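Reader: I have the chain open on my screen. Can we walk through it quickly, piece by piece?
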Amino acid sequence: MSGSSPKSISISGVETDITIGKELAAVAQKSKALASRDCFEQLEMYLHGRSHDRVCLLFGLLQTGKNTMLRQAIGRMTKEDLSRIAYIKARRTDNMAMMNRDLKKLFNAGFRYVFIDEVTLMEDFIDSAALFSDVFATMGMKIVLSGTDSLGFWLAMDEELYDRAKSIHTTFIPYREYSRLLGIDSIDEYIRYGGTLRAGELAFDDEDVNAQDASFRDDESTRRYIDTAICKNIQHSLACYESGGHFRHLYSLYEAGELTSAINRIIEDMNHRFLISVLTDDFLSHDLRLTAANLRKERDPEKRTEALDAIDTEAVTQRLMELLDIRNKEEQSIGITTAHIIEIKQYLTALELIVDCPIESADPGIEPVEHILFTQPGMRYCQAQALIHSLLKDEQFSALSEYDKTQITGRILEEVRGRMMEDIVLLETMKAADKDHRVFKLQFEAGEFDMVIYDQKENSCEIFEIKHSSKQVPFQYRHLVDEDKCQRTERRFGPIQGRYILYRGEDAQMENGVQYWNVENYLKALPTLDIVQVQEIGMQSIEPTL
């Protein structure tokens with residue numbers, strides 16, 4: 001696509017970094033062949049809609065497709081519209097006064113579409129953002145503001161741009177979209193790298209990036225991503241907003257230069273507790289013993305072993321727990337208070353990095369338990385993997401045989417993948433549910449339903465177990481057919497309309513009414529779970545009701 005901009009060559013004295021005309025068309029051309037994010041349609045609707053009193057905010061964490069969306073939107077413009085588009089790359093040295101002067105020049109020169117990238121780099125953006133909506137949008141300009149500083153946009157929407165902005169969020173990338181964009185059909189691949197679009201063979205934002213540059217390929221890259229995409233995001237936004245007056249309890253940490261470190265520790269703390277729950281809920285109670293029993297009676301003589309029978313399960317578990325938790329205890333002693341944690345969690349929620357999905361109790365009147373879900377599984381898995389691998393540096397653990405070490409660490413990582421798959425299904429189903437449906441985990445004194453979908457309108461429910469397995473084993477659905485658990489569930493949430501196991505195998509129907517669904521197909525069928533769509537992806541025997 002080519003074109004020239006009216007009077008663009010004669011625009012002089014601009015103070016910001018502006019790209020127009022043929023140069024802009026050449027930049028946009030690079031992204032035309034790439035698949036679009038699901039939210040791209042929202043950007044198109046804003047650009048070509050009739051509204052002229054609002055700006056569009058396109059924001060999300062690093063490497064979630066924002067720049068590609070901007071280029072694609074520009075590349076799809078008609079030749080006539082392209083001649084009226086300006087792209088501005090904001091810089092830290094820019095300010096709103098400079099932006100105001102340049103926008104006036106662009107408007108007078110006939111430009112009607114302006115894309116401003118990394119707009120939150122300007123220190124006075126949050127406190128002056130209404131300039132874009134109240135002045136230039138009302139004059140007839142379509143203005144798209146983009147950037148990685150999600151918290152800055154969130155703060156601006158609460159003040160300067162309140163009710164005057166259309167927001168498009170890119171941080172959350174569900175499995176179905178990740179699979180479509182990157183051509184990946186493995187839930188394990190999503191668990192390992194999910195959260196950004198730099199994992200796999202397709203580099204979404206940069207053709208020079210390859211799989212070695214995946215954000216969560218190792219502990220170092222994960223820490224770097226947390227530091228740049230999350231911690232500095234929060235720190236920069238709070239420093240700019242109201243001249244730093246919104247730090248609240250975090251100011252002392254910020255002043256001491258320790259806010260980034262504190263945020264990192266709290267994110268790690270969440271992951272530590274995640275690992276501890278894996279160990280205490282499963283590893284200690286039965287999973288290692290179950291593995292030992294299965295290996296002991298393995299039909300294949302070459303795989304049959306009694307090695308795990310010699311391990312002191314309780315002692316090994318205790319060492320693992322101490323190894324994972326001891327640094328966390330030390331960190332808590334250096335002054336991070338409950339107020340710090342609450343405020344940082346609020347900002348992580350604003351960044352759409354975490355979502356609270358409370359665990360319900362089967363008995364009415366009991367307060368739900370906080371249950372934090374991460375929207376970026378790759379970050380979580382990589383930290384968990386790094387923590388588990390640190391076991392190999394433990395003197396007592398290293399004394400075990402190579403086989404035992406491999407079995408134990410492999411088993412724990414398998415449990416981590418299982419727990420993460422539960423969280424992914426719960427999170428994506430919760431986000432897909434409409435106002436008539438509630439999605440939650442349901443706990444009993446012993447055992448739980450991994451997911452319940454409650455139809456508030458019909459007063460009925462569906463119950464789910466989520467298993468990171470490709471095999472069908474009766475043990476998996478023991479809770480689903482437990483008469484007491486089902487009766488207590490029905491008393492609170494109405495008749496059970498279906499009992500399902502989401503796993504990595506093929507769809508199947510059991511004689512007792514339990515249905516097995518392939519988890520990857522299930523996630524691809526979201527958000528609507530329309531029966532026609534479901535049939536198209538090979539789940540003909542299932543009739544979902546969500």
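Reader: Which residues of α15 are buried?
Author: This is a predicted model, to begin with. In α15, the buried residues are H340, E343, I344, K345, Y347, L348 and A350.

Reader: And how far apart are the end C-alpha atoms of α15?
Author: They are 18 Å apart. Helix α15 has 13 residues, 338-350, and at 1.5 Å a residue it should span 18 Å, so the two values agree.

Reader: Switching to sheets. In what order do the six strands of the open sheet run?
Author: The order is β1-β3-β4-β5-β2-β6, and the pairing is mixed. From one strand to the next, the twist averages 20°.

Reader: In which sense do β3 and β4 pair, parallel or antiparallel?
Author: Parallel, over five bridges. Strand β3 covers residues 85-89 and strand β4 covers residues 113-117. Across that pair, A86 stands opposite V114 of β4.

Reader: Which strands does α2 lie across?
Author: Helix α2 (residues 40-48) lies across β2 (55-59), β4, β5 (142-147) and β6. Its direction is at about 150° to β5. Helix α8 (residues 150-158) lies across β2, β5 and β6, and runs at about 150° to β2.

Reader: Stay with α2. At what angle does it pack with α3?
Author: About 45°, with the axes 10 Å apart. Helix α3 is residues 66-75. That angle makes α2 oblique to α3.

Reader: Is the crossing of α2 and α3 left-handed or right-handed?
Author: Right-handed. From α2, the contact uses F40, L43, E44 and L47. From α3, it uses M69, Q72 and A73.

Reader: How many residues of α3 are buried?
Author: Nine of its 10, so α3 is mostly covered. They are K66, T68, M69, L70, R71, Q72, A73, I74 and G75. M69, Q72 and A73 are in that buried set, and they also touch α2.

Reader: Now the seven strands. In what order do they form their open sheet?
Author: They go β8-β10-β11-β12-β13-β15-β14, with mixed pairing. The edge strands are β8 (360-361) and β14 (508-509), each with pairing on one side only.

Reader: How many bridges join β10 to β11?
Author: Six, and the two strands run antiparallel. Strand β10 spans residues 437-443, and strand β11 spans residues 448-455. H437 stands opposite D455 in β11.

Reader: Which strands does α18 lie across?
Author: Helix α18 (residues 402-432) lies across β10, β11, β12 (460-466) and β13 (496-503). It runs at about 10° to β11. Helix α19 (residues 483-493) packs on this sheet as well, touching β8, β10, β11, β12 and β13. The direction of α19 makes about 140° with that of β12.

Reader: Last one. Where is H479 found?
Author: In the loop between β12 and α19.

Reader: Is H479 buried or exposed?
Author: Buried. Its relative accessible area is 12%, and the cut-off for buried is under 20%.

Reader: What does H479 touch?
Author: G447, E448, F449, E465, K485 and C486. Residues up to four places away in sequence are not counted there.

Key: Residues numbered from 1 in each chain as written. Predicted model: local features only at pLDDT ≥ 70, side-chain atom pairs only at ≥ 80, totals over all residues. Heavy atoms only, no water. Helix = DSSP H or I, 4+ residues; strand = E, 2+ residues; numbered from the N terminus. Expected span 1.5 Å × (residues − 1). Buried < 20%, exposed > 50% of the residue type's maximum accessible area, 1.4 Å probe, protein only. Pairing = 2+ DSSP bridges. Axes fitted to C-alpha atoms, helices over the stretch in contact; angles between N-to-C directions. Contact = heavy atoms within 4.5 Å. Parallel < 35°, antiparallel > 145°, perpendicular 65-115°, else oblique. Left-handed = near helix turned anticlockwise from the far one by under 90°.
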